[in-house]
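Good morning, everyone, and thank you for letting me speak. Please take a moment to look at the model before I go through a few of its details.

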Amino acid sequence: MNNETSPSAPPPLVTAASLTGVEGLMMVALALLELSSLSGSRVTMGLTTAVFFAVFGVLLIACAWLVTRGQTWARGPILMAQLIGLGLAWNLRGGQTTPVAIGLAVVAAIVIAGLLHPASVEALNPEGERS
């Protein structure tokens, strides 16, 4: 596939991209929540955190959209975000944060499986190029 819109992106790739898009939207929402809770004693920390969440969220949304259009490079940032999510899930396990950890781990596993599914790999590889 090249830069054209791909109406035939395989279901595992579409599922992975959709979940990544939702993750991106949640990051943007976290940025807005962070901005809404700014206080005088932590303005710098709040602004930098909000900017980080917003940029990360927009990057995830853009990569999710681009990966369904055959942009192979967009798979890397998505996979990296999922590996970070798995690490975060590991750190949140136990106690009251266990449901959050499970949610993060399940979503990350589904996205990784969707991106690495043979149909997704084939759709993202240019014609005649095999891994």
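Let me begin with a definition: a salt bridge is a side-chain nitrogen of Lys or Arg within 4 Å of a carboxyl oxygen of Asp or Glu. What we have here is a predicted model, in which local features need pLDDT of at least 70 and side-chain atom pairs count only at pLDDT 80 or more, while totals for chains, interfaces and linings use all residues. Residues are numbered from 1 along each chain as its sequence is written, and side-chain values use heavy atoms, with hydrogens and water left out.

By that rule the count comes to 1 salt bridge, and it joins the side chains of Glu34 and Arg42, at 2.6 Å from N to O. Are these two residues buried or exposed, or something in between? Glu34 is buried, as its relative accessible area is 15%, whereas Arg42 is partly exposed at 29%; here buried means under 20% relative accessible area, exposed over 50%, and partly exposed in between, with a 1.4 Å probe and protein chains only.

Now to the helices, which are DSSP runs of H or I with at least four residues, numbered from the N terminus. Helices α1 and α2 pack at an angle of about 160°, with their axes 7 Å apart. That makes α1 roughly antiparallel to α2, since angles over 145 degrees count as roughly antiparallel.

Finally, Leu35 has its place in helix α1, and this leucine is partly exposed, with a relative accessible area of 41%.

How values were computed
Helices (H or I, at least four residues) and strands (E, at least two) are DSSP runs, numbered from the N terminus. Axes are lines fitted to C-alpha atoms, for helices over the stretch in contact, and angles run from 0 to 180 degrees between N-to-C directions. Angles under 35 degrees count as roughly parallel, over 145 as roughly antiparallel, 65 to 115 as roughly perpendicular and the rest as oblique.
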